[in-house]
Amino acid sequence: MSPIRVASQLAEPINAEVVRRVIAATGEGAVELVTLPRGVPAEWPRDADVFVAAPFRRAGGDLPAQPPGWPFNLRWVQLVSVGIDFYPGWLFEGPVVTAAKRTSATALAEFSLAAIFAAAKRFPDIWVSRAADWQPSPLGLVEGATLGIVGFGGIGQALAPKALALGMTVLATRRGTGDLGVPGVERVDDVAALFARADHVVLAAPATAETHHLVNARVLAAAKPGLHLVNVARGALIDDQALLAALAEGRVSLATLDVTHPEPLPDGHPYYSHPRVRLSPHTSVFTPDTHANLAAQLAHNLIRFRRGEPLQDVVDLSRGY
(Lines give C-alpha, C1' and ligand atoms only; values in the text may rest on other atoms or scores of the structure.)
Protein backbone atom coordinates (compact mmCIF):
# COMPACT_ATOMS: atom_id res chain seq x y z
CA MET A 1 0.00 0.00 0.00
CA SER A 2 1.40 3.41 -0.97
CA PRO A 3 1.98 5.98 1.79
CA ILE A 4 -0.57 8.67 2.60
CA ARG A 5 0.78 12.04 1.49
CA VAL A 6 0.03 14.71 4.09
CA ALA A 7 0.68 18.46 3.81
CA SER A 8 0.31 19.93 7.30
CA GLN A 9 0.27 23.46 8.72
CA LEU A 10 0.77 22.16 12.24
CA ALA A 11 4.12 22.90 13.89
CA GLU A 12 6.96 20.52 13.10
CA PRO A 13 7.07 18.89 16.59
CA ILE A 14 3.36 18.06 16.36
CA ASN A 15 3.78 16.64 12.86
CA ALA A 16 6.69 14.51 14.05
CA GLU A 17 4.52 13.10 16.83
CA VAL A 18 1.76 12.34 14.30
CA VAL A 19 4.19 10.39 12.12
CA ARG A 20 5.53 8.51 15.15
CA ARG A 21 2.04 7.46 16.20
CA VAL A 22 1.01 6.37 12.70
CA ILE A 23 4.19 4.34 12.20
CA ALA A 24 3.75 2.70 15.61
CA ALA A 25 0.25 1.58 14.60
CA THR A 26 0.73 0.69 10.94
CA GLY A 27 4.46 0.37 10.25
CA GLU A 28 7.12 2.24 8.29
CA GLY A 29 6.10 3.87 5.03
CA ALA A 30 2.50 4.46 6.09
CA VAL A 31 2.68 8.25 5.80
CA GLU A 32 4.73 10.95 4.09
CA LEU A 33 4.27 14.27 5.87
CA VAL A 34 5.43 17.71 4.73
CA THR A 35 5.24 20.75 7.02
CA LEU A 36 3.81 23.91 5.42
CA PRO A 37 3.96 27.45 6.86
CA ARG A 38 0.79 28.74 8.50
CA GLY A 39 -1.48 31.13 6.66
CA VAL A 40 -2.50 31.06 3.04
CA PRO A 41 -0.15 28.60 1.31
CA ALA A 42 2.27 30.09 -1.20
CA GLU A 43 2.08 26.74 -2.94
CA TRP A 44 -1.12 24.79 -2.46
CA PRO A 45 -0.72 21.05 -1.68
CA ARG A 46 -1.71 19.87 -5.14
CA ASP A 47 -0.11 16.43 -4.84
CA ALA A 48 -1.18 15.60 -1.28
CA ASP A 49 -3.91 13.21 -0.18
CA VAL A 50 -4.55 15.13 3.05
CA PHE A 51 -4.31 18.85 3.83
CA VAL A 52 -4.07 19.86 7.51
CA ALA A 53 -5.17 23.52 7.44
CA ALA A 54 -4.59 26.25 10.01
CA PRO A 55 -6.95 29.28 10.12
CA PHE A 56 -6.56 31.55 7.10
CA ARG A 57 -8.28 34.70 8.39
CA ARG A 58 -6.19 37.44 9.93
CA ALA A 59 -7.09 40.88 11.29
CA GLY A 60 -8.50 43.13 8.61
CA GLY A 61 -7.77 40.59 5.91
CA ASP A 62 -10.09 38.86 3.52
CA LEU A 63 -10.22 35.13 3.14
CA PRO A 64 -8.37 33.87 0.06
CA ALA A 65 -10.13 33.17 -3.20
CA GLN A 66 -10.51 29.58 -4.32
CA PRO A 67 -7.28 28.50 -6.03
CA PRO A 68 -7.53 27.12 -9.58
CA GLY A 69 -7.90 23.37 -9.60
CA TRP A 70 -9.33 23.06 -6.08
CA PRO A 71 -9.54 20.48 -4.51
CA PHE A 72 -6.59 19.11 -6.50
CA ASN A 73 -5.95 15.48 -5.53
CA LEU A 74 -7.03 15.95 -1.93
CA ARG A 75 -9.23 13.31 -0.36
CA TRP A 76 -9.52 14.83 3.11
CA VAL A 77 -9.04 18.21 4.83
CA GLN A 78 -8.31 18.35 8.57
CA LEU A 79 -8.72 21.68 10.40
CA VAL A 80 -6.39 22.46 13.29
CA SER A 81 -9.16 24.38 15.09
CA VAL A 82 -12.54 23.47 16.52
CA GLY A 83 -14.38 26.36 14.85
CA ILE A 84 -14.79 26.62 11.09
CA ASP A 85 -15.36 30.39 10.84
CA PHE A 86 -11.74 31.32 10.03
CA TYR A 87 -11.79 29.33 6.78
CA PRO A 88 -13.24 30.16 3.33
CA GLY A 89 -16.47 28.48 2.29
CA TRP A 90 -14.90 26.81 -0.74
CA LEU A 91 -12.64 24.78 1.57
CA PHE A 92 -15.73 22.72 2.42
CA GLU A 93 -16.73 22.23 -1.23
CA GLY A 94 -14.59 19.22 -1.89
CA PRO A 95 -13.44 16.24 0.11
CA VAL A 96 -14.55 15.43 3.64
CA VAL A 97 -13.50 18.00 6.28
CA THR A 98 -12.84 17.16 9.92
CA ALA A 99 -12.29 19.57 12.83
CA ALA A 100 -10.16 19.42 15.96
CA LYS A 101 -13.14 18.85 18.23
CA ARG A 102 -12.47 18.46 21.97
CA THR A 103 -8.70 18.83 21.57
CA SER A 104 -8.64 22.05 23.64
CA ALA A 105 -11.57 21.32 25.97
CA THR A 106 -9.48 20.80 29.10
CA ALA A 107 -7.32 23.86 28.44
CA LEU A 108 -10.39 26.08 27.94
CA ALA A 109 -12.17 24.63 30.97
CA GLU A 110 -9.14 25.35 33.17
CA PHE A 111 -8.79 28.87 31.76
CA SER A 112 -12.46 29.52 32.54
CA LEU A 113 -12.06 28.28 36.10
CA ALA A 114 -8.95 30.42 36.56
CA ALA A 115 -10.94 33.44 35.41
CA ILE A 116 -13.74 32.59 37.84
CA PHE A 117 -11.33 32.26 40.77
CA ALA A 118 -9.56 35.48 39.78
CA ALA A 119 -12.89 37.31 39.76
CA ALA A 120 -14.02 35.90 43.12
CA LYS A 121 -10.67 36.59 44.80
CA ARG A 122 -10.17 39.91 42.96
CA PHE A 123 -6.85 39.02 41.38
CA PRO A 124 -4.79 41.05 40.59
CA ASP A 125 -6.52 44.02 42.22
CA ILE A 126 -5.66 42.94 45.78
CA TRP A 127 -1.89 42.82 45.21
CA VAL A 128 -0.10 45.56 47.17
CA SER A 129 3.26 47.21 46.54
CA ARG A 130 3.52 49.67 49.46
CA ALA A 131 2.63 49.80 53.14
CA ALA A 132 -0.07 52.43 52.59
CA ASP A 133 -2.08 49.87 50.57
CA TRP A 134 -2.03 47.29 53.37
CA GLN A 135 -5.79 47.14 53.94
CA PRO A 136 -7.93 43.98 53.84
CA SER A 137 -10.58 43.75 51.13
CA PRO A 138 -13.76 41.65 51.03
CA LEU A 139 -13.56 38.70 48.63
CA GLY A 140 -16.09 36.31 47.15
CA LEU A 141 -16.47 32.54 47.20
CA VAL A 142 -16.56 30.17 44.27
CA GLU A 143 -18.34 27.52 46.32
CA GLY A 144 -22.04 28.27 46.29
CA ALA A 145 -21.88 30.49 43.22
CA THR A 146 -23.89 29.74 40.08
CA LEU A 147 -22.16 29.06 36.78
CA GLY A 148 -23.97 29.35 33.48
CA ILE A 149 -22.48 27.64 30.42
CA VAL A 150 -23.69 28.72 26.99
CA GLY A 151 -23.07 25.81 24.64
CA PHE A 152 -22.57 22.36 26.09
CA GLY A 153 -20.15 20.66 23.74
CA GLY A 154 -16.64 19.51 24.60
CA ILE A 155 -15.71 22.65 26.56
CA GLY A 156 -18.87 22.71 28.62
CA GLN A 157 -18.70 19.00 29.32
CA ALA A 158 -15.10 19.39 30.53
CA LEU A 159 -15.90 22.46 32.65
CA ALA A 160 -19.13 21.34 34.34
CA PRO A 161 -17.75 18.44 36.45
CA LYS A 162 -14.92 20.64 37.71
CA ALA A 163 -17.35 23.38 38.70
CA LEU A 164 -19.68 20.90 40.40
CA ALA A 165 -16.74 19.48 42.37
CA LEU A 166 -16.06 22.99 43.67
CA GLY A 167 -19.61 23.26 44.99
CA MET A 168 -21.00 25.47 42.24
CA THR A 169 -24.50 25.25 40.85
CA VAL A 170 -24.19 24.65 37.10
CA LEU A 171 -26.73 25.68 34.46
CA ALA A 172 -26.29 25.09 30.74
CA THR A 173 -27.91 25.81 27.40
CA ARG A 174 -27.51 23.45 24.49
CA ARG A 175 -28.81 23.28 20.96
CA GLY A 176 -31.32 20.51 20.35
CA THR A 177 -32.92 18.20 22.85
CA GLY A 178 -31.79 15.29 24.94
CA ASP A 179 -29.86 14.65 28.11
CA LEU A 180 -26.87 16.90 28.80
CA GLY A 181 -24.89 13.84 29.84
CA VAL A 182 -23.39 15.34 33.02
CA PRO A 183 -25.33 14.55 36.22
CA GLY A 184 -26.03 17.59 38.33
CA VAL A 185 -26.17 20.11 35.48
CA GLU A 186 -29.52 21.86 35.04
CA ARG A 187 -30.64 22.54 31.49
CA VAL A 188 -31.96 26.06 30.77
CA ASP A 189 -33.50 26.56 27.36
CA ASP A 190 -33.42 30.37 27.27
CA VAL A 191 -30.10 32.25 27.30
CA ALA A 192 -31.61 35.31 28.99
CA ALA A 193 -33.00 33.09 31.77
CA LEU A 194 -29.54 31.60 32.28
CA PHE A 195 -27.99 35.10 32.51
CA ALA A 196 -30.63 36.08 35.06
CA ARG A 197 -29.57 33.31 37.46
CA ALA A 198 -25.80 33.05 36.98
CA ASP A 199 -22.97 34.75 38.87
CA HIS A 200 -20.50 33.69 36.17
CA VAL A 201 -21.34 32.89 32.53
CA VAL A 202 -18.88 31.07 30.26
CA LEU A 203 -19.49 31.29 26.52
CA ALA A 204 -18.54 27.98 24.90
CA ALA A 205 -20.71 27.92 21.76
CA PRO A 206 -19.46 27.89 18.16
CA ALA A 207 -19.69 30.95 15.93
CA THR A 208 -22.63 30.41 13.57
CA ALA A 209 -25.32 32.60 12.05
CA GLU A 210 -27.55 31.50 14.92
CA THR A 211 -25.08 32.53 17.66
CA HIS A 212 -23.91 35.83 16.13
CA HIS A 213 -24.37 38.52 18.84
CA LEU A 214 -26.12 35.98 21.02
CA VAL A 215 -25.05 38.13 23.97
CA ASN A 216 -26.93 41.29 23.10
CA ALA A 217 -28.73 44.14 24.84
CA ARG A 218 -31.82 42.01 25.54
CA VAL A 219 -29.85 39.21 27.15
CA LEU A 220 -27.61 41.56 29.13
CA ALA A 221 -30.62 43.52 30.41
CA ALA A 222 -31.81 40.28 32.03
CA ALA A 223 -28.43 39.54 33.64
CA LYS A 224 -28.09 39.13 37.36
CA PRO A 225 -26.50 42.35 38.67
CA GLY A 226 -22.74 41.94 39.07
CA LEU A 227 -22.45 39.16 36.48
CA HIS A 228 -18.98 38.03 35.42
CA LEU A 229 -18.86 37.14 31.71
CA VAL A 230 -16.14 34.83 30.33
CA ASN A 231 -15.68 34.27 26.59
CA VAL A 232 -13.40 31.44 25.45
CA ALA A 233 -15.40 30.66 22.30
CA ARG A 234 -15.60 33.32 19.58
CA GLY A 235 -15.75 37.11 19.81
CA ALA A 236 -18.68 37.28 17.39
CA LEU A 237 -20.96 35.83 20.10
CA ILE A 238 -20.91 39.22 21.85
CA ASP A 239 -22.40 42.53 20.74
CA ASP A 240 -19.50 44.71 21.94
CA GLN A 241 -21.52 47.91 22.24
CA ALA A 242 -24.16 46.14 24.33
CA LEU A 243 -21.47 44.70 26.61
CA LEU A 244 -19.79 48.08 27.07
CA ALA A 245 -23.18 49.58 28.00
CA ALA A 246 -23.83 46.76 30.51
CA LEU A 247 -20.39 47.34 32.05
CA ALA A 248 -21.11 51.06 32.34
CA GLU A 249 -24.43 50.33 34.07
CA GLY A 250 -22.83 47.83 36.46
CA ARG A 251 -25.11 45.05 35.21
CA VAL A 252 -21.90 43.23 34.25
CA SER A 253 -19.14 43.70 36.82
CA LEU A 254 -16.34 42.07 34.86
CA ALA A 255 -15.70 40.65 31.39
CA THR A 256 -12.87 38.17 30.85
CA LEU A 257 -12.34 37.96 27.10
CA ASP A 258 -9.83 35.59 25.52
CA VAL A 259 -11.47 36.04 22.11
CA THR A 260 -12.71 39.09 20.23
CA HIS A 261 -14.01 40.07 16.82
CA PRO A 262 -11.84 40.89 14.97
CA GLU A 263 -8.56 39.52 16.28
CA PRO A 264 -6.55 41.45 17.18
CA LEU A 265 -8.75 44.39 18.03
CA PRO A 266 -7.64 47.67 16.41
CA ASP A 267 -5.60 50.10 18.50
CA GLY A 268 -7.83 52.35 20.55
CA HIS A 269 -10.62 49.82 21.04
CA PRO A 270 -12.33 50.45 24.44
CA TYR A 271 -11.58 46.92 25.66
CA TYR A 272 -7.84 47.65 25.85
CA SER A 273 -8.20 50.31 28.53
CA HIS A 274 -11.48 49.40 30.23
CA PRO A 275 -10.90 48.87 33.97
CA ARG A 276 -13.34 45.96 34.12
CA VAL A 277 -12.31 44.10 30.99
CA ARG A 278 -9.60 41.46 31.24
CA LEU A 279 -8.38 40.92 27.73
CA SER A 280 -6.03 38.17 26.58
CA PRO A 281 -4.88 37.39 23.00
CA HIS A 282 -6.74 34.12 22.26
CA THR A 283 -4.08 32.28 24.20
CA SER A 284 -6.11 29.89 26.35
CA VAL A 285 -5.66 26.96 23.94
CA PHE A 286 -1.86 27.13 23.81
CA THR A 287 -1.01 24.30 26.17
CA PRO A 288 1.02 21.09 25.74
CA ASP A 289 -2.23 19.20 26.30
CA THR A 290 -3.85 20.79 23.25
CA HIS A 291 -0.85 20.01 21.05
CA ALA A 292 -0.72 16.40 22.24
CA ASN A 293 -4.45 16.01 21.63
CA LEU A 294 -4.11 17.43 18.11
CA ALA A 295 -1.37 14.93 17.31
CA ALA A 296 -3.37 12.04 18.76
CA GLN A 297 -6.57 12.98 16.93
CA LEU A 298 -4.87 13.45 13.57
CA ALA A 299 -2.90 10.21 13.91
CA HIS A 300 -6.05 8.31 14.90
CA ASN A 301 -7.93 9.58 11.84
CA LEU A 302 -4.95 8.93 9.55
CA ILE A 303 -4.96 5.30 10.68
CA ARG A 304 -8.72 5.09 10.02
CA PHE A 305 -8.22 6.77 6.64
CA ARG A 306 -5.53 4.27 5.66
CA ARG A 307 -7.81 1.39 6.63
CA GLY A 308 -10.76 2.81 4.71
CA GLU A 309 -12.78 3.41 7.87
CA PRO A 310 -15.10 6.42 8.40
CA LEU A 311 -13.35 9.49 9.78
CA GLN A 312 -14.32 10.94 13.14
CA ASP A 313 -15.21 14.57 13.96
CA VAL A 314 -16.53 15.35 10.48
CA VAL A 315 -17.78 18.96 10.05
CA ASP A 316 -21.56 19.29 9.65
CA LEU A 317 -22.12 22.49 7.66
CA SER A 318 -25.83 22.45 8.45
CA ARG A 319 -24.92 22.93 12.13
CA GLY A 320 -21.96 25.22 11.50
CA TYR A 321 -19.37 23.07 13.27
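Predicted model: local features only at pLDDT ≥ 70, side-chain atom pairs only at ≥ 80, totals over all residues.
Which residues line the largest cavity? They are Asn-231, Gly-235, Ile-238, Asp-240, Leu-257, Val-259, Thr-260 and Tyr-271, and if we sort that lining by class, we find 4 nonpolar, 3 polar and 1 charged residues.

Let me turn now to the domains. The chain is divided into domain 1, which is made of residues 4–102 together with 287–319, and domain 2, which covers 104–279. The C-alpha centres of domain 1 and domain 2 lie 31 Å apart, and the contact between them takes 12 residues from domain 1 and 11 residues from domain 2. As for the area buried between domain 1 and domain 2, the value is about 960 Å², and carbon and sulfur atoms give 50% of that area.

What, then, joins the two sides in terms of polar and charged groups? Between domain 1 and domain 2 the count is 1 salt bridge, and in the model the side chains of Arg-234 and Asp-85 meet in a salt bridge, with a distance of 2.9 Å from N to O. There are also 4 residue pairs in polar contact between domain 1 and domain 2, counting pairs in which both residues are at pLDDT 80 or more. On the side of domain 1 that touches domain 2, the residues divide into 3 nonpolar, 4 polar and 5 charged.

Notes. Residues numbered from 1 in each chain as written. Heavy atoms only, no water. 1 Å grid on protein atoms, 1.4 Å probe; cavity = no way out; pocket = protein on both sides within 12 Å on 5 of 7 lines; lining within 4 Å. Nonpolar A, V, L, I, M, F, W, Y, C, P; charged D, E, K, R; others polar. Domains from an automatic or database assignment. Contact = heavy atoms within 4.5 Å. Buried area = accessible area lost by both parts, 1.4 Å probe. Salt bridge = Lys/Arg side-chain N within 4 Å of Asp/Glu carboxyl O. Polar contact = N/O pair within 3.5 Å; in protein donor to acceptor, adjacent residues only side chain to side chain.
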